[in-house]
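Please open the structure in a viewer and keep the selection panel at hand.

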Amino acid sequence: MLEQFLETVKEKKPQFLKSILNSQEQEPELFVLLGEKILALLNPSQDRKRIEDLVHSYCSYTYEQNRLQFIYELSGAYPAASHDEANTNVYQNYEVMLHYMESLLLTQFLWPHHLQIVRFFVDRYLPYFREMNNFLALELAPGHGLFGRIMLEKYPAARIKAYDISPISIEIATTLAKAKSLNERTEYVVRDALDQSCRVLNGFEAIIAGELMEHLDDPSLLCESIHDQLKPNGFGFLTAAITAANLDHVYEFKSPEEVREMVKKAGLAIIDEIVTSPPSIKASQTKIPRVQAMVIKKA
Amino acid sequence: MEIKARFQKVFRDVFDDDSIEIRDDLTADAVEDWDSLNHVQLVMALEKEFGLRFTTGEIIDLKNVGEFMALVRKKMNQ
């Protein structure tokens, strides 16, 4: 199916092929492994028409993202003024979320910098749990749920509790977990990730908060929540988008150092980190989109 | 200036390549550096040139430059 997907891009949307080939070249094995898994989840019946639809979805999303970035360069501001606005326009909108989650899942192997983050998660975060059995992870805003599923596949005794404000995300993540027979070890709940009423102090060996910080009005509250809920021997995985526009990005981090300061102020220590960006940056761009991923623990 | 000539001017400017010749069947694989990032720059430059705005749906299904020029003609006549 991966081959069919790439052939369709090459034939019908060649301008989107270069960065995909870049991703494949950087991480050839992971590209194929993850690509086949994701396509199998999104197209279980291996329908030819569905592949064309997925190519269409991915290319539309990539076009929209690049366009948002150029507009952000010109305007100096992210499109969403607040988390509430993003919630109304995006997270509670079925059609928008379906396209968003499907496309975002595809970018996890098709965009070189996203694939690097998955590599970081697998190689530099997951090994911390080697000696733990039967541990409980909290996944905040799982979206399509990929990171949590990767963890559960690696650790057959682990369980995940996940909160997401979007009922559509929860539906998608639940469906995909069921497809991988992981649903007995997952509990997906529609809930605000910052909801204090269900906070469990020192409750989790692992906390995953990927692609969440930049969606919040005040990401420092997320850092504090992670600090409070992480067990003293636990490890967190956190990512932040820096000068990277999206329809629902609210908080504009201007540098990796800004993120580090926020994390440390919440009483967390950064024990590993990666900062990555798309390979194709124009010389005229003043705002370089970056993703920063960190392994954190209580200081 | 007719549409084709204006397309040529924009293409040559965006790709910084005076050798680009616009033809109906021109596609991205025939132009060096026509990747997804430059694709957006190209669309935005054409929007500015013609005073138009294209939706994602209109852009993403275009098969070649000929279809793009036809789209511009259609929107200009609306």
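Predicted model: local features only at pLDDT ≥ 70, side-chain atom pairs only at ≥ 80, totals over all residues.

Over all chains, a search of the whole structure finds 25 aromatic pairs. One of them joins Phe147(A) and Phe237(A), with 5.2 Å from centre to centre and 50° between the planes, a tilted arrangement. Phe147(A) belongs to helix α8 (residues 146-154) of chain A and Phe237(A) to strand β5 (residues 230-242) of chain A, so this pair ties together parts 90 residues apart in sequence. Phe147(A) and Phe237(A) are both buried.

Phe7(B) is buried, at a relative accessible area of 0%, and Phe68(B) is buried at 5%.

Return to chain A and display its sheet as a cartoon. Seven strands form an open sheet of mixed pairing, in the order β3-β2-β1-β4-β5-β7-β6. At the edges stand β3 (186-190) and β6 (268-276) of chain A; each has a single partner strand, so one side of each is left without a neighbour in the sheet. From one strand to the next, the twist averages 15°.

Now colour individual strand pairs. Strand β1 (residues 136-140) and strand β2 (residues 159-164) of chain A pair in the parallel sense over five bridges. Leu136(A) has Arg159(A) in β2(A) as its bridge partner.

Against this sheet, select helix α7(A). The helix packs on the sheet and touches β4 (204-209), β5, β6 and β7 (290-298) of chain A, and its direction makes about 145° with that of β6(A). Helix α7 (residues 112-125) of chain A has 14 residues, which at 1.5 Å a residue should span 20 Å; the end C-alpha atoms are 19 Å apart, in agreement.

How many of the nine residues of β7(A) are buried? Seven are, so β7(A) is largely enclosed by the rest of the structure. With β5(A), strand β7(A) pairs in the antiparallel sense over seven bridges, and Ile242(A) stands opposite Arg290(A) in β7(A). Eight bridges join β7(A) to β6(A), and these two strands also run antiparallel. Ile274(A) has Ala293(A) in β7(A) as its bridge partner.

Two further selections complete the tour. Select Arg191(A) and Tyr163(A): Arg191(A) lies over the face of Tyr163(A), 4.8 Å from the ring centre. Finally, select His83(A), which is found in helix α5 (residues 83-91) of chain A. Is His83(A) buried or exposed? At 13% relative accessibility, His83(A) counts as buried. Neighbours within four places in sequence aside, His83(A) is in contact with Tyr91(A), Ile165(A), His215(A), Leu216(A), Asp217(A) and Val250(A).

Note on methods. Residues numbered from 1 in each chain as written. Chains lettered and ligands numbered in written order. Heavy atoms only, no water. Phe/Tyr/Trp six-rings, centres within 6.5 Å; stacked < 30°, edge-to-face > 60°. Helix = DSSP H or I, 4+ residues; strand = E, 2+ residues; numbered from the N terminus. Buried < 20%, exposed > 50% of the residue type's maximum accessible area, 1.4 Å probe, protein only. Lys NZ or Arg CZ within 6 Å of the ring centre and 35° of its normal. Expected span 1.5 Å × (residues − 1). Pairing = 2+ DSSP bridges. Axes fitted to C-alpha atoms, helices over the stretch in contact; angles between N-to-C directions. Contact = heavy atoms within 4.5 Å.
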